[in-house]
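Subject: Structure handover, with notes on the disulfides

Hello,

Here is the structure you were waiting for.

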Amino acid sequence: PAPVVPATPAPVVPATPPPTPPPTPSPSPTLPLVTTAPSSSIRALIETVALQGGAEFDDPNSYQSKALAFLEDTLSPQSDDQYIRYYSLASIFFASSGVMNEFTDVRFPNLDPLPGWLTTAGWVTDSSFCGWFGITCDGNGFPILLELPNNRMYGIFAPEVQLIADSLQVLELFNNFFLTTIDDGDAGNDWIAKMVNLRFLFFGTTSFAYPGVPTFINQIPTLEEIDFSNSFYTEGPIRGEAFIGASELNYVDFGDNVYTSTIPAEFTALPSLTFFYLDNCEFEGVDQTLDFIIGMPSIFENWNDFTLLSGSIPTEIGTVSTLNSWSLTFCGLSGQIPSELGNLGVTLDRLWLYQNQLTGTIPTEIGSLGRMQFLYFEGNLLNGSMPSEICDNRVPFALLSELGADCNADATSVVTCDCCTCCGEDGCGDFA
């Protein structure tokens, strides 16, 4: 499902990319309560799975101690397996609801107490967790979806989530305020490697800081979609090892981070990668070009807006036969528009090239893109006339509904165009 193209020419990469629909859950079951006590004490049971071997309970104010107290003092008797699941979920709550971290210390220095989650319905009450806000269970009463975007979560994200890794398939944490610092390194992120059944992992605009892209991702063979845009996966390399074996991965958002390496071959060779977003990124000390897209076997949509890229549009682009939507605005590209783009007439139906430093004339071959709907050239150094082959594709006789170029008289370099729907960066709303 491709994101909706805005009325203005600028394609806006959605803050929360539209994921493939998650697994359809069965109705939440009504589970009978266990009326007998577990074979051992609750604490002894939880200590068998505690990530610090039980040492975390020495501090009565730790989030783990609070989660344990919930099991012991509030929760009705459960099976051992369910006690562990309740402990995992309660740990997530107590670690992130109204808990300060370095981010909140700076942003809210005088706020005491810190407000808790925005929505807490059902959480840490004596009720089935299948009815807690943001949780969906399968027919066995196991959590498969945990969706808590925009929920004012602070503190840390409890690594005890790995205790429900046997069932969890969707983890959505967009736009919260956890803080794992760069210094935490593996310790703040290695729980990801334990989530071996995840299909969808979204934590864009939520701070899981790491120096670059960690390799943990390659431990999740089921992963289909991941968004770590604006997550402080930054100031480090995009590690190719992270994507080895990720054969199911079809949606990746790298945006709004800083990287110290170019995009590795292991990533561009992903067999199922269909949607790739690289908007508003910075590459430090390396020159990232557009060559990464050449040879991508399944790429359908690639948006790179506001990411400075070196060089020009490669002529080999005509071989990327699956490409449908390509956005290259404000990328600093130079050189001429390759005529080979016309080879993509069966697939390419939206192309944004505005606000670069492209020169020369607009190739007539682009008129071969008979399925084109949105096409923008303004804000460049192009000249000449809009080819009649492109004008012939305008609605109502074909599909081209939006066409922009520097056809305004005061443009630095004018493209004569009688069929354009807008002229120049102001007329086309490039800065809207």
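Predicted model: local features only at pLDDT ≥ 70, side-chain atom pairs only at ≥ 80, totals over all residues.

The structure holds 5 disulfides. With bonded cysteines counted along the chain, the pairing runs 1-2, 3-6, 4-9, 5-7, 8-10.

Cys 130 is joined to Cys 137, with an S to S distance of 2.2 Å. This disulfide is left-handed, because the torsion about its S-S bond is about -100°. Cys 130 has a relative accessibility of 6% and counts as buried; Cys 137 is buried too, at 0%.

Cys 407 and Cys 423 form another disulfide, S to S 1.8 Å. The link is left-handed, with -100° about the S-S bond. Cys 407 sits in the loop between S21 and strand S22 (415–416), and Cys 423 in strand S23 (residues 422–423), so the pair ties together parts that are 16 residues apart in sequence. Cys 407 is buried, with a relative accessible area of 17%, whereas Cys 423 is partly exposed at 29%.

In the disulfide between Cys 417 and Cys 420, the sulfur atoms are 2.2 Å apart. That link is right-handed, with 100° about the S-S bond, and both of its cysteines are buried.

Ala 405 belongs to strand S21 (residues 402–405). Its relative accessibility is 1%, so Ala 405 counts as buried. Leaving aside neighbours within four places in sequence, its contacts include Cys 420, Cys 422 and Cys 423, as well as Phe 377 and Met 386. Ala 405 and Thr 421 are 16 residues apart in sequence, and their C-alpha atoms are 8.8 Å apart.

Regards

Note on methods: Residues numbered from 1 in each chain as written. Heavy atoms only, no water. Helix = DSSP H or I, 4+ residues; strand = E, 2+ residues; numbered from the N terminus. Buried < 20%, exposed > 50% of the residue type's maximum accessible area, 1.4 Å probe, protein only. Contact = heavy atoms within 4.5 Å. Disulfide = S-S within 2.5 Å.
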